Amino acid sequence: MTDNRKTTNAPDDERRSGKDRRATHVPFFKLLFFSGKRKNLRREEDSGRITVFDTYHPKLLFSILFVLVLSLLDATLTLILIERGAVEINPIMNYYITLGPVIFVIVKYGITALALFLILLLHTVIVARYRIGSFLLPFCGLVFGSVVIWELFLLAR
């Protein structure tokens, strides 16, 4: 004679619909513009891992955009200063200036965007482990802002 009663360790089959929720595909643009589900970490053990969220805090977006705008402003002011006789001190960026102003701006913007993308990916790990993540992007903005102010000072002289 068999016992048809469920044990307490067995999954509760009555609650499951039989449909796998992970099989549903959400279009990329819907997640990008309308909604995402992952906004923060749910488990303590995830704090040391690289976690990609669907939705980030708007403050993070504005910080990244601010640094990108300052980077473009820095590139533009650098080109203006070079036309007026200044010299690029950074040897890597000096090489790209010799290739042309468009290449220079693209490379400068690309390097900045790549660095910000890595900071965004590592943001949760940096915040969880080192507690400096909330200061990292404002620090980048402060550095770029200082460079832009210095370049404006040089243009005013």
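**Helical organisation and selected contacts of the predicted model**

Valine 143 counts as partly exposed, at 38% relative accessibility; in this scheme a residue is buried under 20% relative accessible area, exposed over 50% and partly exposed in between, with a 1.4 Å probe and protein chains only. The structure is a predicted model, in which local features need pLDDT of at least 70, side-chain atom pairs count only at pLDDT 80 or more, and totals for chains, interfaces and linings use all residues. Residues are numbered from 1 along each chain as its sequence is written, and side-chain values use heavy atoms, with hydrogens and water left out.

The protein contains 5 helices and 0 strands, where helices (H or I, at least four residues) and strands (E, at least two) are DSSP runs numbered from the N terminus. In sequence order the pattern reads α-α-α-α-α. The protein has 157 residues, of which 25% count as buried. Its accessible surface amounts to about 12600 Å², and carbon and sulfur atoms contribute 64% of this; areas were computed by the Shrake-Rupley method with a 1.4 Å probe, and for residues only the protein chains shown count as cover. A contact is defined by heavy atoms within 4.5 Å. Among contacts with a separation of 6 or more, 61% are between residues 24 or more positions apart.

Valine 143 belongs to helix 5, which spans residues 133-156. Together with Phe139, Leu142 and Val147, Val143 makes a nonpolar surface patch of about 360 Å². Patches consist of residues with over 30% relative accessible area and no salt bridge; like charges are joined within 9 Å, and nonpolar side chains (Val, Leu, Ile, Met, Phe, Trp, Tyr) within 5 Å. An α-helix has 3.6 residues a turn, so residues three or four places apart point the same way. Leucine 142 is likewise placed in helix 5 and counts as exposed, because its relative accessibility is 55%.

Side chains of opposite charge can pair when their charged atoms come close. A salt bridge is taken as a side-chain nitrogen of Lys or Arg within 4 Å of a carboxyl oxygen of Asp or Glu, and by this rule the count is 1. The salt bridge joins the side chains of lysine 108 and aspartate 74, with an N to O distance of 2.8 Å. Distant parts of the chain are linked by this pair, since lysine 108 is in helix 4 and aspartate 74 in helix 2, 34 residues apart. Lysine 108 counts as buried, at 14% relative accessibility, and aspartate 74 is also buried, with a relative accessible area of 5%.

Threonine 78 is in helix 2 (residues 58-83) and is buried, with a relative accessible area of 7%. Apart from neighbours within four places in sequence, threonine 78 contacts Glu88, Ile97, Phe104 and Glu151. Tyrosine 109 is located in helix 4 and is partly exposed, at a relative accessible area of 34%. With residues up to four places away in sequence not counted, tyrosine 109 touches Leu68, Ser71 and Leu72. The C-alpha atoms of tyrosine 109 and serine 71 are 6.5 Å apart, for a sequence separation of 38 residues. Glycine 110 lies in helix 4 as well, within residues 101-130, and is partly exposed, with a relative accessible area of 32%. From glycine 110 to serine 71 the C-alpha distance is 9.9 Å, across 39 residues of sequence.

Helix 3 (residues 91-99) has a side-chain oxygen of asparagine 90 at its start, reaching to within 3.1 Å of the backbone nitrogen of isoleucine 92. Just after helix 3, glycine 100 adopts a positive phi of about 130°.

The structure holds 2 aromatic pairs. In one of them, the rings of tyrosine 95 and tyrosine 96 have centres 5.2 Å apart and planes at 70°, so the arrangement is edge-to-face. Rings of Phe, Tyr and Trp (its six-membered ring) pair if their centres lie within 6.5 Å; planes under 30 degrees apart count as stacked, over 60 as edge-to-face and the rest as tilted. Tyrosine 95 counts as partly exposed, at 48% relative accessibility, and tyrosine 96 is partly exposed too, with a relative accessible area of 25%.

Terms used:
Polar contact = N/O pair within 3.5 Å; in protein donor to acceptor, adjacent residues only side chain to side chain.
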